[in-house]
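I open this notebook to record what I looked up in one structure. The entries follow the order in which I consulted it.

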Amino acid sequence: MSGTALWAAVLAGSLGCYLLKLTGLSVPAAWVEQPWVARIVDFVPAALLAALVAVQAATSGRGLVLDGRLVGLAVAALALAWRAPFIVVLLLAGAAGALVHVVTG
Amino acid sequence: MSPKRLSNLAGVSSPERTATLRDAVGLGLAVGLYGVAFGAAADAAGLNIWQAMSLSALMFTGASQFALVGVLGAGGSALAAVGSALLLGTRNTVYGVRLVPLLQPRGVLRRIGTAHWVIDETTAMALAAPNRALGKLAFLVTGASIYLTWNAMTAVGALGAAGLGGTAQAALDAVVPAAFLALLWPRLRKTFPEAATQRRVAVGGAVVALALTPFVPAGVQVVAAVVAVALAGRPRAGQRPTASEEMA
């Protein structure tokens, strides 16, 4: 992607996210406190974040790929289940990914 | 804003104010670590350091920033990247509504300034404060503390990642999905509201995204994963219309 397109995404996304924040402070509460808004706010993050986990860990382009990233993800899940601090989770995942890279050449 | 001015603003007893300040600064430092991960993820996605830093300074809402660079990193279009960032950004609209009675930002300028810091952490800290004065203080100090560390640590992460070689790059590739998992994890815990539905939606989102990957332009599968909300996130019985009606 060109630098211009990246900048467009950065600036348009930033403006949009800011306007979403400003809207909350500026419109009557009743406009926002609708059941369907509550639903989006409650559940869309889980769907999007899980999709990003899956895409970042197991795909490359249009293919499904199994490599060190998936091993790192499994290690991260174990660390999170043991309530490890965020930085420990990331370091363990990175170490696992690097190890697989070294072992598999 | 000086600490003295902040304490005058709070106008409350010292121990409570000290506790609020300590919690707010502590939270800022903890969130700063996520800033390193974000800077590294942005670099891995092909953004330069100025783009990474602009996102932290201007967008300033972590999950949306991660989503934007995540979609771009997967080869997605700018439109899909912005779409996923906005979908995650809708949370902050609801936070703003909850914060108005507490912060009562008077005048257009104050409203415009306040809006920039309406995020998960500032909202949680402000609403958890024992009274309105401390709530305002918590919002300001948490906002300032997180804004400073988040931006500084973004630069550290982006610079650090830019200098990595092959094996370290493989490590970073494994860190990015782990960072998304860490963002998702609290929603999957048993104590989170409607945890069972959250889990169904999460599994649904991952399955939809993987299933669509071979067939759609990169990044679209991430935005399309929101259909999992309609498929798996059944509304509470009798309170809400059906999912398909709502999403239509």
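**Entry 1. Conventions.** I note that this is a predicted model, in which local features need pLDDT of at least 70, side-chain atom pairs count only at pLDDT 80 or more, and totals for chains, interfaces and linings use all residues. Residues are numbered from 1 along each chain as its sequence is written, while chains are lettered from A and ligands numbered from 1 in the order in which they are written.

**Entry 2. Chain B as a whole.** I looked up the secondary structure and found 13 helices and zero strands in chain B. Helices and strands here are DSSP runs numbered from the N terminus (helices H or I, at least four residues; strands E, at least two). I then looked up burial: 54% of the 248 residues in chain B are buried. A residue is buried if 20 or more other C-beta atoms lie within 10 Å of its own, exposed if 12 or fewer, and partly exposed in between, with C-beta atoms placed from the backbone. Of the chain B contacts between residues at least 6 apart in sequence, 69% join residues at least 24 apart. Two residues are in contact if their C-beta atoms, placed from the backbone, lie within 7 Å.

**Entry 3. Domains of chain B.** The domain assignment gives domain 1 (3–168) and domain 2 (189–248); such bounds come from an automatic or database assignment. I find 10 residues of domain 1 and seven residues of domain 2 in the contact. Helix α5 (residues 78–103) of chain B supplies the largest share of the domain 1 side, five residues. By class, that side of domain 1 has five nonpolar, five polar and no charged residues. Ala, Val, Leu, Ile, Met, Phe, Trp, Tyr, Cys and Pro count as nonpolar, Asp, Glu, Lys and Arg as charged, and the others, Gly among them, as polar.

**Entry 4. α4(B) and α5(B).** How do these helices pack? I read an angle of about 160° between helix α4 (residues 62–73) of chain B and α5(B), with their axes 8 Å apart. α4(B) is therefore roughly antiparallel to α5(B), a term for angles over 145 degrees. Axes are lines fitted to C-alpha atoms, for helices over the stretch in contact, and angles run from 0 to 180 degrees between N-to-C directions. The residues of this contact divide into 10 nonpolar, three polar and no charged.

**Entry 5. α7(B) and α8(B).** The axes of helix α7 (residues 120–128) and helix α8 (residues 132–162) of chain B come within 7 Å and cross at roughly 155°. These two are therefore also roughly antiparallel to each other. The contact includes B:M125 of α7(B) and B:F139 of α8(B). By class, it has six nonpolar, four polar and one charged residues.

**Entry 6. B:E16.** B:E16 lies in helix α2 (residues 14–44) of chain B. Leaving aside residues up to four places away in sequence, B:E16 touches B:P130 and B:L134. B:P130 is 114 residues away along the chain, yet the two C-alpha atoms are separated by 8.6 Å.

**Entry 7. Chain A against chain B.** I find 70 residues of chain A in contact with 88 residues of chain B. On the chain A side, α3(A) gives the most, with 23 residues. That side has 49 nonpolar, 15 polar and six charged residues.

Key: Angles under 35 degrees count as roughly parallel, over 145 as roughly antiparallel, 65 to 115 as roughly perpendicular and the rest as oblique.
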